[in-house]
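Hi,

Here is the structure I promised to pass on.

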Amino acid sequence: MIIIETTNAEETFKLGVKIGEQARPGEIYTLNGDLGVGKTVFTQGVARGLGIEEPVNSPTFTIVQVYEEGKMPFYHFDVYRIGDIEEMEEIGYDDYFFGNGVCLIEWAELIQELLPKQIISVTIEKNPEKGFDYRKITIDGLEKERMK
């Protein structure tokens, strides 16, 4: 388990960049955290680290947004509004999960039963006592060496 503390959005973005630069084809990252903790900022960093220049926003109404122009495909899922697990099957989630790109899934706990055992879990938490922009980011399933 890796715990990283950031004190502003720029640091959270840079952490995402570092993870994107180190990402490997076929990796699945789950992104957990309450609304407003910086999941989109982190995701934008991951995309930049993968070499994606176009704007990255949460795919709230489409379930998955596909970005092809980086060093490998980037599949950004937001399953917050998923009504039924069958919706994931309808979009062919397994082609993304077991493909040659990187998946990042927001609200992944809602589709827990579909996730493979090998995932990298990223949890972002606020702590108002430490400041408005403070974030505690916990990463499970990633080797510490890759974060140096």
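**What I found**

Strands β6 (residues 120-126) and β7 (residues 135-140) pair in the antiparallel sense over six bridges, where two strands pair if DSSP finds at least two bridges between them. In that pair, I124 stands opposite I137 in β7. Helices (H or I, at least four residues) and strands (E, at least two) are DSSP runs, numbered from the N terminus.

Before you go further: this is a predicted model, with local features needing pLDDT of at least 70 and side-chain atom pairs counting only at pLDDT 80 or more, while totals for chains, interfaces and linings use all residues. Residues are numbered from 1 along each chain as its sequence is written, and side-chain values use heavy atoms, leaving out hydrogens and water.

Now the whole sheet. It is open, with seven strands in the order β1-β7-β6-β2-β5-β4-β3 and mixed pairing. β1 (2-6) and β3 (64-67) stand at the edges with a single partner strand each, so one side of each is left without a neighbour in the sheet. On average, neighbouring strands of this sheet are turned by 15° against each other, direction ignored.

β4 is worth a look. It pairs with β3 in the antiparallel sense over four bridges, with Y67 opposite F74 in β4, and a hairpin joins β3 to β4 through six residues. With β5, β4 pairs in the parallel sense over five bridges, and here F77 stands opposite I105 in β5. Five of the five residues of β4 are buried (under 20% relative accessible area; exposed is over 50%, partly exposed in between, with a 1.4 Å probe and protein chains only). Both faces are covered: F74, H76 and D78 are buried on one side, Y75 and F77 on the other.

On to the helices. α1 (residues 9-22) and α2 pack at an angle of about 40°, with their axes 6 Å apart; axes are lines fitted to C-alpha atoms, for helices over the stretch in contact, and angles run from 0 to 180 degrees between N-to-C directions. The two helices are therefore oblique to each other (under 35 degrees is roughly parallel, over 145 roughly antiparallel, 65 to 115 roughly perpendicular, and the rest oblique). Contact means heavy atoms within 4.5 Å, and among the α1 residues that meet α2 are F13, L15 and V17, while the α2 side includes V41, F42 and V46.

Cheers
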